[in-house]
Amino acid sequence: MLIDESGQPEDIYLTPEELGVSCHKIGSVAGGTPEENVAEARDLMAGGGNPALRDAIAVNAGAALQVCGLAKDIRTGTETALQALSSGAVARKVEEIIAIAATLERADVTAGEGSMS
C-alpha cells in the first residue's frame, strides 16, 4: 500500500521483473543455523551469496531508499542496493563500522581505567 500525495491509500502491485530482480521460491530464502546465517550474510555483503536472499534484501533496501528520499522509486533504489552488494561496498562499510566500534570500545575501556583510582 502506498499513501499518495493527498494522503489517500493506494494499493500497488509490483513484480520482481519490474524491480529488476528474479522470481524465487519462498523456500529459497529460508535461514539456517546462526553460524550459517552469519556466513551467508558475509557472502552477500561481499557480492556473493544466495541470489534469492540478495534480491529480497535489495528490494527491501530499495523501498527504504525511496521512503528516505534517496531514490526516486523502488526500482531505482533496488538497483542501487544491488550495485552496493555486488561491488562489495556493503562489506567495506560494515568493516569500517566494526573498526570504529572497536576503536570506541578501546577508548571507553582506557577512559574507564584512568578513572578507577
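Mentor: A polar contact is a pair of N or O atoms within 3.5 Å; within protein, one must be able to donate a hydrogen and the other to accept it, and residues adjacent in sequence count only if both atoms are side-chain atoms. This is a predicted model, in which local features need pLDDT of at least 70 and side-chain atom pairs count only at pLDDT 80 or more, while totals for chains, interfaces and linings use all residues. Residues are numbered from 1 along each chain as its sequence is written, and side-chain values use heavy atoms, with hydrogens and water left out.

Trainee: Which side chain does D55 join in a polar contact?

Mentor: D55 is found in helix α3; helices are DSSP runs (H or I, at least four residues) numbered from the N terminus. Contact means heavy atoms within 4.5 Å, and beyond its neighbours within four places in sequence D55 contacts V21, S22, H24 and L82. The polar contact, at 2.7 Å, is with the side chain of H24.

Trainee: Is D55 buried or exposed?

Mentor: Buried means under 20% relative accessible area, exposed over 50%, and partly exposed in between (1.4 Å probe, protein chains only). A52, L53, A58 and G62 are among the buried residues of α3. The relative accessible area of D55 is 5%, so D55 is buried.

Trainee: Which residue caps the N-terminal end of α3?

Mentor: The cap is made by a side-chain oxygen 2.7 Å from the backbone nitrogen of A52. That oxygen belongs to N50.

Trainee: How are α3 and α4 set to each other?

Mentor: Axes are lines fitted to C-alpha atoms, for helices over the stretch in contact, and angles run from 0 to 180 degrees between N-to-C directions. The axes of α3 and α4 come within 7 Å and cross at roughly 125°. Angles under 35 degrees count as roughly parallel, over 145 as roughly antiparallel, 65 to 115 as roughly perpendicular and the rest as oblique. The two helices are therefore oblique.

Trainee: Is A41 buried or partly exposed?

Mentor: A41 is found in helix α2. Its relative accessibility is 33%, so A41 counts as partly exposed.
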